[in-house]
There are 2 protein chains.
Amino acid sequence: MASDHTRTAILAAAERLYADRGFGDVTLRDIVAEANVNLAAVNYHFGSKDELIAELFVTRSIATNRERLRELKAAEEQGGGRAPIEMILHALVGPTLRGCLGPENQRSSAARFMIRASIESVPPIRRIKNREIDHLRKFAGAMRRSLPDRSDVDIYWGLNFALAMAHHTIRESERLTKLSEGKCDLDDVEDVVARVVSVATIALTAGRMETKAPSRVAAR
Amino acid sequence: MASDHTRTAILAAAERLYADRGFGDVTLRDIVAEANVNLAAVNYHFGSKDELIAELFVTRSIATNRERLRELKAAEEQGGGRAPIEMILHALVGPTLRGCLGPENQRSSAARFMIRASIESVPPIRRIKNREIDHLRKFAGAMRRSLPDRSDVDIYWGLNFALAMAHHTIRESERLTKLSEGKCDLDDVEDVVARVVSVATIALTAGRMETKAPSRVAAR
DNA sequence: GATAGTTTCATACAACTGTTTGAATTGCAA
DNA sequence: TTGCAATTCAAACAGTTGTATGAAACTATC
C-alpha cells in the first residue's frame, strides 16, 4: 500500500483546475503546484499528461455509462424485454444531465470537469469518446425493440437528436440562461430531463410512421 | 491597392490547415509554409495569431447570419409579420447545416473550417460566439410572434433544442454515420434540415399548450 | 530617377511546454 | 541495522511556440 496520497492529490487538483480554467491553459506546473507535489510526480504516476487526462475522463465516464445501463436494464426487465421508449431515453440522457447540471454552487468538480470535457475537445478525450459507439448501440437496440415498426434510420436519428439536446444543453447552459434571462431554469435537472425525453419521444413516435410521406411535415 | 496577395494566401492556407488538422496542432510556421510567405507576415497583416483565427471565423459567421436573417425576413414579410414556425426554424438551422454538411468530397474548406470551429473551442472563436446572443434574440422574437400562446420558456427551450440538433449533427456527423452504418445519409442536407425543423416544430407546437398537462407526451 | 511608404525577409528572442535524469529520501522487510 | 525497492525532488533538457526587430526589397508618387 503505497498510500497513494500523491496520486490522489494530483487527480483532485487536475480535475479542479481543468474544470475551472479549461484544458487549454492549465499546465502540469499549475497542477503540481495546486497539489503540492513535485513536477516529476505526474509522469511518474501517470506516464504522461494525456494519460492523466484520460484517467480523469474514463473514471467519470464509466460511472455515467454504468448508471445508464443500469437504468436501461431495469426498464427492459420491467417491460419484459421491451421498455417504453420514454424510459429508454430517460436512461440515456438522465445520468449525463444529472451528472453535469444542477445548482451551480453545489456542483462537484467532477461535474464541472465533465462539462469542460464536452466543451473543449482534447485528443485523449476524443479518443475515448470514439470508443463509445458500442455503448450507444445497446441503446439503439433497445429502441428498436421498443419501436419495432420504426425504421433503423428513424431510430438512429432519434438517438442522435436525444443526445444532441442533452449535450448541447450542457455545453451551452450558460448561454441559454443568459438568452432566456433566467427563465429557463437549468438547476431543475429533472425538468430538463423531462423536456429532453419528451421532445425525443415525440420525434420518435409522431408522424412519418403512419403517414408514409417522409420528411414533409409542414412544407409550403 | 496593395495587391493583398499575401493576406489572401495566408487566409486560404490557414483555413485549409485548420479545417484539416484542427487548431490544436497547426502552428504559424505551418501556415506560412503552406502559403509560401514569410513567418512575420502573419503578425504584420493580422496583428496576432488569434486575430487571424477570429477574422476567418467572423467572415464566415457573418455570411451565415446574414443568410439566416434574409430567410427570416422573407418569411415574416410573406406572412405579414407572422411567419409560420417551420419557416423560422428553417431560417435558423438551414444556413448553418447547408454551410457545413453535404458531400464530403465537394465540401469547401470554409465548411470544414466551420465544422472544426464547432468541435474544438478556441478562445478567439468563443469570444465571438458569445456575442451571438443578440442575433438569436431576433429569432426568439419571431418565434414569439409566430406562437403567441406559447410561454417564453417554451420558446427558448424550442430554440435551444433546434440549435442543439443542428450543431450536434454537424459536430458528430462522423459518429452518426458510423453508428448507423451509413444508413443516416448526411450528404442529403435538405433531408437533415427537414428532420431538424420537423422535430423542433413538433416540440414547439405539440402537447402542453392545448392540454394543460406538462411534459406528458407519450406516457404509458 | 530620387524619395517616401509599404511590404517582405532572415533571424533572433523570450517564454513556456512536457518529459527525463540521476541523486536524495523515504518506507519496509529481513 | 542493513539492504532494497519505491518514491520524491531539483534541475536540466530539448523542443516548440508566437512575436519582435531591423535591414532589405519593393512600389508608387512626384
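I count a salt bridge when a side-chain nitrogen of Lys or Arg lies within 4 Å of a carboxyl oxygen of Asp or Glu.

**Ground rules.** I am reading a predicted model, where local features need pLDDT of at least 70, side-chain atom pairs count only at pLDDT 80 or more, and totals for chains, interfaces and linings use all residues. Residues are numbered from 1 along each chain as its sequence is written, chains are lettered from A in the order in which they are written, and side-chain values use heavy atoms, with hydrogens and water left out.

**Entry: salt bridges.** I looked up the salt bridges between chain A and chain B and found seven. One pair I noted is Arg126(B) with Glu120(A), at 4.0 Å from N to O.

**Entry: chain A.** I listed its elements: 11 helices and zero strands. Helices (H or I, at least four residues) and strands (E, at least two) are DSSP runs, numbered from the N terminus. Along the principal axes, the C-alpha atoms of chain A fill a box of roughly 65 × 40 × 30 Å.

**Entry: the interface.** I took contact to mean heavy atoms within 4.5 Å. On that basis, 52 residues of chain A touch 55 residues of chain B. Of the interface residues of chain A, 98% are also interface residues in chain B, so the copies meet through the same surface.

Next I looked up buried area, the accessible area (1.4 Å probe) that two parts lose on being put together, summed over both. Chains A and B bury about 5000 Å² between them, 66% of it on carbon and sulfur atoms. In chain A, Trp157(A), Leu179(A) and Arg195(A) lose the most area to chain B, together 16% of what that side buries.

**Entry: the second largest pocket.** On a 1 Å grid over the protein atoms alone, a pocket is an open set of points where a 1.4 Å probe fits, with protein on both sides within 12 Å along at least five of seven lines; lining residues have an atom within 4 Å of a point. I found 30 lining residues here, and those nearest the centre are Ile119(B), Arg171(B), Ser173(B), Glu174(B) and Arg175(B). H10(B) gives the largest share, five residues. Chain A takes part too: its helices H6 (109-119) and H7 (123-130) each supply at least two lining residues.
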